[in-house]
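Me: I would like to work through one structure and learn how to read its features. Where do we begin?

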Amino acid sequence: ASSRLACFDRLAAEAAATHIVETPVAVPTTETTAVDVRRRAELRGLENPFGLTAYKTNYILPVTYNSKINREPFAVAYPDVGMDDIEAKFQISFKAKVWDISDRFDLWAAYTQENWWQVYNDDESAPFRETNYQPEMFLSYDANLELLGFQITKLNLGFNHQSNGRGALLSRSWNRAIAGVVIERDNLAIAPRVWYRLPEDEEDDDNPDTEDYYGHGDVRVAYSWNDMTFSALARNNLQSDENRGALQLDWSFPLNRRFKGYVQY
């Protein structure tokens with residue numbers, strides 16, 4: 001930014017010295033949001049054929065504590081295997097642009113893998129307690145709309161497959177059509193999503209009550225302040241009789257130019 005400003009100052013000085021008068025040209029201007037800064041960095045990364053573009057947060061949490069580990073399915077399948085409350089968790093997530101359909105439409109492919117690792121459970125040879133696989137495809141549209149002082153920048157529609165890659169009693173998989181929108185204002189971003197579970201035959205459905213727990217949508221809110229990012233992810237099944245929901249809070253802060261510290265609750 002400082003280099004560009006110096007360039008404009010130099011050109012202005014040269015024009016004034018030689019008495020050049022140019023016809024002014026109207027240039028559209030838009031506010032630069034925190035999400036816009038990231039989007040521009042992603043565009044630069046897409047030009048590198050050997051690079052991967054981050055999708056969701058990539059992180060490793062060396063130590064996590066979970067007081068409500070789901071031991072029941074493991075107790076049925078592996079009666080002698082004990083799970084620890086302390087483990088490690090990490091996530092790998094990347095995306096790639098598959099097709100530039102038009103100036104505003106893009107087709108993306110993405111993959112996210114979330115892992116819960118019993119790395120300190122020496123008695124059980126440090127197994128992976130759970131691995132969550134999510135390949136997806138989505139169509140993204142640059143909306144560039146304004147509503148009540150907020151910018152509606154992205155409209156997304158895609159297909160998501162989520163599973164743990166296991167069979168029998170431990171199997172968990174489902175397919176969703178997901179629609180989402182990205183709303184921005186300065187350093188604030190809001191990304192609500194809704195989904196529709198694609199129906200399966202009763203005999204093939206490993207988890208018919210998934211929506212009772214996972215609901216039909218979620219919303220993520222993120223705020224950037226002084227190189228730190230605070231975010232929250234919330235969802236609810238919106239059922240009055242057996243209401244269930246989830247809330248995840250994240251805080252990231254810079255450690256150096258490449259890595260950030262990360263705390264998750």
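This is a predicted model: local features need pLDDT of at least 70, side-chain atom pairs count only at pLDDT 80 or more; totals for chains, interfaces and linings use all residues.

Me: Is Gly51 buried, partly exposed or exposed?

Reply: The class follows from relative accessible area: under 20% is buried, over 50% is exposed, and partly exposed is in between. Gly51 has 31%, so the residue is partly exposed.

Me: How far apart are the C-alpha atoms of Gly51 and Pro192?

Reply: They are separated by 29 Å, and the two residues are 141 residues apart along the chain.

Me: Next, charge pairs. Why can side chains pair at all?

Reply: Side chains of opposite charge can do so when their charged atoms come close. The cut-off here is a side-chain nitrogen of Lys or Arg within 4 Å of a carboxyl oxygen of Asp or Glu. By that rule the count is 11 salt bridges.

Me: Which residue forms a salt bridge with Asp106?

Reply: Lys97 does, with the closest N and O atoms 3.9 Å apart. Asp106 counts as buried because its relative accessibility is 7%. Lys97, at 27%, counts as partly exposed.

Me: Which residues are joined with them into one network?

Reply: Salt bridges that share partners put Lys97, Asp100 and Asp106 in one network.

Me: What does the salt bridge of Arg193 and Asp218 tie together?

Reply: The N to O distance in this salt bridge is 2.8 Å. Arg193 belongs to strand β8 and Asp218 to strand β9 (residues 217-225), so the pair ties together parts that are 25 residues apart in sequence. Arg193 is partly exposed at 25% relative accessibility, and Asp218 is buried at 10%.

Me: How far apart are the closest N and O atoms of Arg220 and Asp250?

Reply: They are 3.6 Å apart, and the two residues form a salt bridge. Arg220 is in strand β9 and Asp250 in strand β11 (residues 245-254), so this pair ties together parts that are 30 residues apart in sequence. Arg220 counts as partly exposed at 32% relative accessibility, while Asp250 is buried, with a relative accessible area of 9%.

Me: What joins the side chains of Asp142 and Lys154?

Reply: A polar contact is a pair of N or O atoms within 3.5 Å. The side chains of Asp142 and Lys154 are joined by one of 2.4 Å. Asp142 is part of strand β5 (residues 128-147). Its relative accessible area is 19%, so Asp142 is buried; the cut-off for that class is under 20%.

Me: Now the surface. Which residues gather in a patch of negative charge?

Reply: The negative patch on the surface gathers Asp201, Glu202, Glu203, Asp204 and Asp206. Glu203 sits in the loop between β8 (188-197) and α4 (210-214). With 64% relative accessibility, Glu203 counts as exposed.

Me: Which residues make the nonpolar surface patch?

Reply: Val98, Trp99, Ile101, Phe105 and Met137 make this patch, and its area is about 460 Å². One of these residues, Trp99, lies in strand β3 (residues 86-100).

How values were computed. Residues are numbered from 1 along each chain as its sequence is written. Side-chain values use heavy atoms; hydrogens and water are left out. Patches are made of residues with over 30% relative accessible area and no salt bridge: like charges are joined within 9 Å, nonpolar side chains (Val, Leu, Ile, Met, Phe, Trp, Tyr) within 5 Å. Accessible areas come from the Shrake-Rupley method with a 1.4 Å probe; for residues, only the protein chains shown count as cover. Lys and Arg count as positive and Asp and Glu as negative; His and the chain ends are not counted. The place of a charge is taken as NZ of Lys, CZ of Arg, CG of Asp or CD of Glu. Helices (H or I, at least four residues) and strands (E, at least two) are DSSP runs, numbered from the N terminus. Buried means under 20% relative accessible area, exposed over 50%, partly exposed in between (1.4 Å probe, protein chains only). A polar contact is a pair of N or O atoms within 3.5 Å; within protein, one must be able to donate a hydrogen and the other to accept it, and residues adjacent in sequence count only if both atoms are side-chain atoms.
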